[in-house]
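Reader: Please take a close look at one part of this model, the surface patch. Set it in its surroundings before you go into detail.

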Amino acid sequence: PYSAVAALYGDAANESARVFYIIFHPQTATEEGNPTYFSWSLVLGYGTPQSQPPSLLVYLTIGLGLGIPLLLTLLSGVYVVYKKRQMKKSSPGFGLN
């Protein structure tokens with residue numbers, strides 16, 4: 001097999017596959033005289049992809065990406081409430097009779 005798709009699907013990969021190439025070629029060239037271009041390729045027709053469960057790395061990345069900001073927000077909120085209560089206890093305040 002010459003590609004991952006051919007390794008996964010075998011001979012069936014060659015029967016129904018369609019490949020599209022999109023090339024953007026502006027009329028400029030580099031200093032060496034080589035033309036510059038962008039190209040995209042798209043392969044269709046291999047059927048439905050194989051289902052795979054998310055890996056542990058995906059779960060860890062999502063957990064850390066959402067958990068750390070949530071934890072920091074929660075801790076900073078607790079700190080602000082604690083400091084406000086502490087200031088109310090230590091200062092006599094105005095308007096007391």
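**Confidence, layout and the patch**

Author: Start with confidence, given as pLDDT (the predictor's score for each residue, from 0 to 100). In the protein chain, confidence is lowest in helix α2 (residues 12-16), with a mean of 62, and highest in helix α3 (residues 56-90), with a mean of 93. The mean for the protein chain is 78, and 64% of its residues reach 70 or more. Where pLDDT is low, the predicted coordinates should not be read in detail.

This is a predicted model: local features need pLDDT of at least 70, side-chain atom pairs count only at pLDDT 80 or more, and totals for chains, interfaces and linings use all residues. Numbering runs from 1 along each chain as its sequence is written, and side-chain values use heavy atoms, with hydrogens and water left out.

Now the layout. The protein chain has 3 helices and 2 strands. Their order along the sequence is α-α-β-β-α. Both kinds are DSSP runs numbered from the N terminus: helices are H or I with at least four residues, strands are E with at least two.

Across the protein chain, 2% of the 97 residues are buried. The accessible surface (Shrake-Rupley, 1.4 Å probe; for residues, only the protein chains shown count as cover) comes to about 9400 Å², and 66% of that belongs to carbon and sulfur atoms.

Next, the patch. Val19, Tyr21, Ile23, Tyr37 and Val43 form a nonpolar patch on the surface, with about 550 Å² of accessible area together. Patch residues have over 30% relative accessible area and no salt bridge; nonpolar side chains (Val, Leu, Ile, Met, Phe, Trp, Tyr) are joined within 5 Å, like charges within 9 Å. A salt bridge is a Lys or Arg side-chain nitrogen within 4 Å of an Asp or Glu carboxyl oxygen.

Strand β1 (residues 18-24) gives the largest share, 3 residues. Val19 lies in β1. Tyr21 is exposed (over 50%), at 62%. Leaving out residues up to four places away in sequence, Tyr21 touches Trp40 and Ser41 (contact: heavy atoms within 4.5 Å). Tyr21 and Ser39 are 18 residues apart in sequence, yet 7.0 Å apart in space, C-alpha to C-alpha.

Conventions
Buried means under 20% relative accessible area, exposed over 50%, partly exposed in between (1.4 Å probe, protein chains only).
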